[in-house]
Amino acid sequence: MMTPNTPRPAPRKFTGWHMTGILVAFFGTVMAVNFTMAGFALSTFGGIQVENSYVASQNFNQWLDAAAEQEKLGWDVTLEQAAGGKLRVIAQGPGENLSVLAHARHPVGRKPDATLTFTRQPDGSFLSDQSLESARWIVRLELAEGDKVWKREDRL
């Protein structure tokens, strides 16, 4: 215990070595965090969306026209996951000669893409012949009846 007359110890000097230690610790922490985050970003990057964004922009109006034509068909399509990882498509509006195809891809490219074919069930729905692993998928559906084509992309 210090009394009022007890001399205080001399404060330690702040030297250049102290400042060097602080700077190295600070910038070392910043670099470690940056390299860690860059590693996470590179390991989860799924790839590019389009090869050439300019060329894709030139097709935009054609895509809008195709979407308007598809809307005129008036088809109501539902995609759901059935038992065992298979997909079920319920389509209302098209006739009996409908064919269904689906392309499934994993959002970050961790699992291989899959092309699914479908068989008509007695209740009128379509059930995929193959099953998908339990994971998140982006499924591009394509229904065709003669020259009428209907497309949509769903996330499961």
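1. Helices, of at least four residues, and strands, of at least two, are DSSP runs numbered from the N terminus. In this predicted model, helix α3 covers residues 60–73 and holds both lysine 72 and glutamate 69. These two residues stand three places apart, about one turn of the helix.

2. Which two side chains meet in a salt bridge at 3.4 Å, N to O, within this helix? They are the side chains of lysine 72 and glutamate 69. Lysine 72 has a relative accessible area of 64%, and it is therefore classed as exposed. Glutamate 69 has a relative accessible area of 49% and is partly exposed, because that class lies between 20% and 50%.

3. The structure holds four salt bridges. One of them joins lysine 111 to glutamate 133, with the closest N and O atoms 3.4 Å apart. This pair links distant parts of the chain, the two residues being 22 residues apart. Lysine 111 belongs to the loop between β3 and β4, whereas glutamate 133 belongs to the loop between β5 (126–128) and β6. Both partners count as partly exposed: lysine 111 at 24% relative accessibility, and glutamate 133 at 48%.

4. A further salt bridge brings together the side chains of aspartate 154 and arginine 152, at 2.9 Å from N to O. Is aspartate 154 buried or exposed? Aspartate 154 has a relative accessible area of 16%, and is therefore buried, since buried means under 20%. Arginine 152, at 27% relative accessibility, counts as partly exposed.

5. The largest nonpolar core has 19 residues. Val77, Val89, Val100, Phe118, Leu141 and Leu143 are those with the most contacts inside this core. Two or more core residues come from each of the elements β1 (76–81), β2 (87–92), β3 (99–105), β4 (114–120) and β6 (138–145). In soluble globular proteins, nonpolar side chains tend to be buried together.

6. Valine 89 deserves a separate comment. Apart from neighbours within four places in sequence, which residues are in contact with valine 89? They are Val77, Thr78, Leu79, Val100, Phe118, Ser125, Phe126 and Leu141.

7. The surface also carries a nonpolar patch of about 670 Å². Phe14, Met19, Ile22, Leu23, Phe26, Phe27 and Val30 make up this patch. Phenylalanine 26 lies in helix α1, residues 16–44. At 48% relative accessibility, phenylalanine 26 counts as partly exposed.

Methods:
Residues numbered from 1 in each chain as written. Predicted model: local features only at pLDDT ≥ 70, side-chain atom pairs only at ≥ 80, totals over all residues. Heavy atoms only, no water. Core = buried A, V, L, I, M, F, W, Y, C linked by side-chain atoms within 4.5 Å. Buried < 20%, exposed > 50% of the residue type's maximum accessible area, 1.4 Å probe, protein only. Contact = heavy atoms within 4.5 Å. Patch = residues over 30% accessible without salt bridge, like charges linked within 9 Å, V, L, I, M, F, W, Y side chains within 5 Å. Areas by Shrake-Rupley, 256 points an atom, 1.4 Å probe, with all protein chains shown as cover.
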